Amino acid sequence: MNNMKKQKNKNLSGNKNHARENMNHNAAGENNKNNNININWYPGHMAKTRRMIQENLKLVDAVCEILDARIPASSRNPDMNTLTAGKPRLMVFNRADQADPESFNPWADFYRNQDIQINGANQPDDKNNIIILRTDAKSGRGVNQFAPAVRELLADKIKAWTAKGQSGHMIRVMILGVPNVGKSSFINRVSGRNSAKAENRPGVTRGKQWIVIDKQLELLDTPGMLWPKFEDQAVGERLAWTGAIKDDILDLETLGSDLAAFLAKYYPGALLDGYKLDALPNRTEDQNIIKNFNQNQTAYGFELLKLAGAKRGFRISGGEIDTERMARTLLDEFRSGKLGRFTLEFP
């Protein structure tokens, strides 16, 4: 995979320069070399969801995977190729308005060139069997492309139905994705009504539900599903940063520290502008701040939390910086898009 060169992010608040350096979809793994964070979250209802997907796949004509545009690799369940083999598919990069705008085309090309099994054969170049869209379900941008894309994806099948005198045949599509990726919000935007329960936290949808979009299109909403074990803990961390894993099971100070260190390296303008910092401490030279911790991303990020917390006036009794509150604030402002547009991995 090609390394990303240093470039200017014109969409970041204040137009600060940032370097992707050699960021690829394994880059954030460096954050895990020196900390103790270990993330796995696979409650019983997710195992049930897996069985439900397998049992209901025969009822649908296609599948639609909703990905988080900020983490297009980490938000894709690696089991989906096996689970949905044989079905035409759409990929929707949701929350595109919160992602680095330069990231969509590289990721779309990456997935189009993957050996995804369709109709029992590997057809990496058959674009009729995989269509990729980008949307922002919160604002509604791009969702009007969905119904036409479904009909384009299934053009041959629709033609065959029409030839048999079944021009009004119902098209059924299964909606899949990890928790809190925006599936329910997406469905509500596509349907034009609040058909699916949507909240900005994982685990809200717990059962399947059919939603009628129009007289010839019906969607099967499914609960968000992760996989039993993250082989790469950086994947779990990215999912946690974006809110796909419940905060209740996490050490938020460690999570916030690692996110702060990541942003300092790849999107420094977000911290400088968002928290009115004069400068970021140097990891190797400013020994007064990070003595003996220059290789420890979590410790470096913790110092950033303290600097940002001081600027926000987050203090507890005795004047100590409330780093837990600052970590939660950083995560909330990152997830909401208040800090800017970010993509955490590139192909």
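In which loop is R95 found? R95 lies in the loop between β4 and α3 (104-112). The model is predicted.

- R95 counts as buried because its relative accessibility is 13%, under the 20% cut-off.
- R95 also belongs to the lining of the second largest cavity.
- K276 sits in the loop between α9 (268-274) and α10 (287-290).
- K276 counts as exposed because its relative accessibility is 60%, over the 50% cut-off.

**Cavities**

- Four cavities of 30 Å³ or more are present in the structure.
- The second largest cavity has a volume of about 40 Å³.
- Its lining consists of D68, S75, R95, V178, P179, N180, V181, T242 and A244.
- By class, that lining has four nonpolar, three polar and two charged residues.

**Helix α6**

- Helix α6 spans residues 183-191 and is mostly covered, with seven of its nine residues buried.
- The buried residues of α6 are K183, S184, F186, I187, N188, V190 and S191.
- G192 follows α6 and has a positive phi, near 80°.

**Helix α7**

- Helix α7 covers residues 233-241, and nine of its nine residues are buried.
- Q233, E237 and R238 are among the buried residues of α7.
- The buried set in α7 also includes A234, V235, G236, L239, A240 and W241.
- Elements covering the buried residues of α7 include α8 and α12.

**Crossing of α8 and α11**

- The axes of helix α8 (residues 252-266) and helix α11 (residues 297-312) come within 7 Å and cross at roughly 90°.
- The two helices are therefore roughly perpendicular.
- On the α8 side, the contact uses E253, T254, G256, S257, D258, A260, A261 and A264.
- On the α11 side, the partners are Q297, T298, Y300, G301, F302, L304 and L305.
- The contact of α8 with α11 has seven nonpolar, six polar and two charged residues.

**Crossing of α11 and α12**

- The axes of α11 and helix α12 (residues 323-336) come within 9 Å and cross at roughly 90°.
- α11 and α12 are therefore roughly perpendicular to each other.
- From α11, the contact takes F302, L305, K306, A308, G309 and R312.
- From α12, the contact takes T323, M326, A327, T329, L330 and E333.
- The contact of α11 with α12 divides into six nonpolar, three polar and three charged residues.
- F302 and L305 of α11 meet α8, and F302 and L305 also take part in the contact with α12.

Definitions and conventions:
Residues are numbered from 1 along each chain as its sequence is written. This is a predicted model: local features need pLDDT of at least 70, side-chain atom pairs count only at pLDDT 80 or more; totals for chains, interfaces and linings use all residues. Side-chain values use heavy atoms; hydrogens and water are left out. Axes are lines fitted to C-alpha atoms, for helices over the stretch in contact, and angles run from 0 to 180 degrees between N-to-C directions. Helices (H or I, at least four residues) and strands (E, at least two) are DSSP runs, numbered from the N terminus. Angles under 35 degrees count as roughly parallel, over 145 as roughly antiparallel, 65 to 115 as roughly perpendicular and the rest as oblique. Contact means heavy atoms within 4.5 Å. Ala, Val, Leu, Ile, Met, Phe, Trp, Tyr, Cys and Pro count as nonpolar, Asp, Glu, Lys and Arg as charged, and the others, Gly among them, as polar. On a 1 Å grid over the protein atoms alone, a cavity is a set of points where a 1.4 Å probe fits but cannot get out, and a pocket is an open set with protein on both sides within 12 Å along at least five of seven lines; lining residues have an atom within 4 Å of a point. Grid points are joined across faces, edges and corners, and a volume is the space filled by probe spheres set on the points. Buried means under 20% relative accessible area, exposed over 50%, partly exposed in between (1.4 Å probe, protein chains only).
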